[in-house]
Amino acid sequence: MADILFIGLSLGSILLLIALGLMITYGAMGVINMAHGELVMIGAYTAVWCGLLFDMNMLIAIPVAFVVAGALGLLIERLVIRHLYGRILDTLLATWGIAILIQQAIRLQFGLTFFDVNVPGLGPGLQNLSVPHWLNRPFDVGGFTVQPYRSFIIALTLVLVAVTWWLMYRTRFGIQVRAIMRNPQMAAACGINVKRISALTFAYGSGLAGVAGVMMGGFKTVSPEMGQALVVDGFLVVVVGGVGSLLGTVVAAGGLGEINGVVASITNDILARAVMYGLVIALIMWRPAGLFSFKQR
């Protein structure tokens with residue numbers, strides 16, 4: 001049973017990384033970013049590409065994926081999202097279109113195939129991400145099988161959650177982000193550069209998605225469609241935990257990840273997702289604002 005709980009905790013950790021980015025962008029800017037899953041995919045492809053072209057270790061590829069996904073997120077915010085603040089349905093449609101464009105760009109290898117240039121590892125086929133050998137050696141501790149790669153995912157997630165908490169609650173940047181979450185007009189009236197803070201927030205959330213993509217690439221094959229299902233699960237975590245609540249996101253990701261892992265181990269993946277969706281529906285009916293929503297004045 002401990003092994004099953006450990007697997008569920010590692011799945012919940014990846015889900016938490018994805019949901020953290022969504023929580024920040026949706027909570028701070030009211031943007032439903034349907035392209036978040038494609039940013040996860042970009043992070044995974046970045047790690048694959050770093051390994052193929054530069055023989056780069058996966059651990060070194062993690063910060064590279066963060067920077068690449070963050071830069072792409074910043075570009076999306078500057079070109080599209082910035083013009084749609086306050087129009088939540090328009091952001092949904094626009095980012096959905098961006099998600100399709102990114103997928104097709106990967107399939108076309110960023111359009112280079114038009115010029116007969118083929119980049120190995122970036123095509124529409126399935127790619128595998130090489131995990132360091134020492135992370136694939138399970139060992140027993142008191143009858144409990146420790147899986148190094150899953151332990152690494154959990155440890156990295158804890159570090160990133162701590163960094164996010166520090167940014168949000170112990171820095172001037174975090175104060176400005178939380179002010180924008182509560183009331184962007186009032187924050188602007190107090191002298192906060194809302195556009196600049198929003199752009200940086202969007203880039204940081206996108207970077208977290210890139211890191212999640214690298215972690216997911218160690219479990220599954222990397223493909224242009226790998227982010228589609230992940231973004232749905234990420235939104236479920238954000239809604240259940242409460243929009244803009246870091247604590248709620250952590251609790252919801254851990255709970256849903258454990259439920260998915262335990263039910264999947266006992267039965268199968270399909271029934272596990274059905275149980276998870278049913279539980280999410282019940283929670284939303286019970287608490288429409290989420291488990292840890294802000295108090296309204």
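This is a short tour of the structure above, one selection at a time.

The model is predicted, so local features need pLDDT of at least 70 and side-chain atom pairs count only at pLDDT 80 or more, while totals for chains, interfaces and linings use all residues. Residues are numbered from 1 along each chain as its sequence is written, and side-chain values use heavy atoms, with hydrogens and water left out.

**Stop 1: the core**

Select Leu20, Met41, Met58, Tyr149, Val214, Met215 and Val237, the residues with the most contacts inside the largest nonpolar core, which has 66 residues. Such a core is a set of buried Ala, Val, Leu, Ile, Met, Phe, Trp, Tyr and Cys residues joined through side-chain atoms within 4.5 Å. Buried means under 20% relative accessible area, exposed over 50%, and partly exposed in between (1.4 Å probe, protein chains only). Now colour helix 1 (residues 2-29): its 11 residues are the largest share of this core. Helices here are DSSP runs (H or I, at least four residues), numbered from the N terminus.

Apart from this core lies another, of eight residues, including Val177, Met181, Val194 and Ile197.

Which residues does Met41 contact, leaving aside neighbours within four places in sequence? Select Ile102, Gln103, Ile106, Ser223, Pro224 and Met226 to see them. Contact means heavy atoms within 4.5 Å.

**Stop 2: Gln176**

Go to helix 6 (residues 172-182) and pick Gln176. Gln176 counts as buried, because its relative accessibility is 14%. Not counting residues up to four places away in sequence, Gln176 touches Ile192 and Ile197.

**Stop 3: an aromatic pair**

The structure holds two aromatic pairs. Rings of Phe, Tyr and Trp (its six-membered ring) pair if their centres lie within 6.5 Å; planes under 30 degrees apart count as stacked, over 60 as edge-to-face and the rest as tilted. Show Phe66 and Tyr204, an edge-to-face pair with 6.0 Å centre to centre and 70° between the planes. This pair links distant parts of the chain, with Phe66 in helix 3 (residues 58-79) and Tyr204 in helix 8 (residues 194-217), 138 residues apart. Phe66 is partly exposed at 28% relative accessibility, whereas Tyr204 is buried at 14%.

**Stop 4: Asp55**

Move to the loop between helix 2 and helix 3 and select Asp55. Most residues other than glycine have a negative phi. Asp55 is not a glycine, yet has a positive phi of about 50°. Is Asp55 buried or exposed? Asp55 counts as exposed, because its relative accessibility is 69%.

**Stop 5: salt bridges**

Side chains of opposite charge can pair when their charged atoms come close. A salt bridge is a side-chain nitrogen of Lys or Arg within 4 Å of a carboxyl oxygen of Asp or Glu, and the count comes to four.

- Asp233 and Arg273 meet at 2.8 Å, N to O. They link helix 9 (residues 228-241) with helix 11 (residues 269-286), 40 residues apart. Asp233 is buried at 10% relative accessibility, while Arg273 is partly exposed at 26%.
- Arg82 and Glu77 have their closest N and O atoms 3.5 Å apart. Glu77 is buried, with a relative accessible area of 0%, and Arg82 is partly exposed at 22%.

**Last stop: Ile266**

Finish on Ile266 in helix 10 (residues 246-266). Ile266 counts as exposed, at 62% relative accessibility.

Conventions: Helix = DSSP H or I, 4+ residues; strand = E, 2+ residues; numbered from the N terminus.
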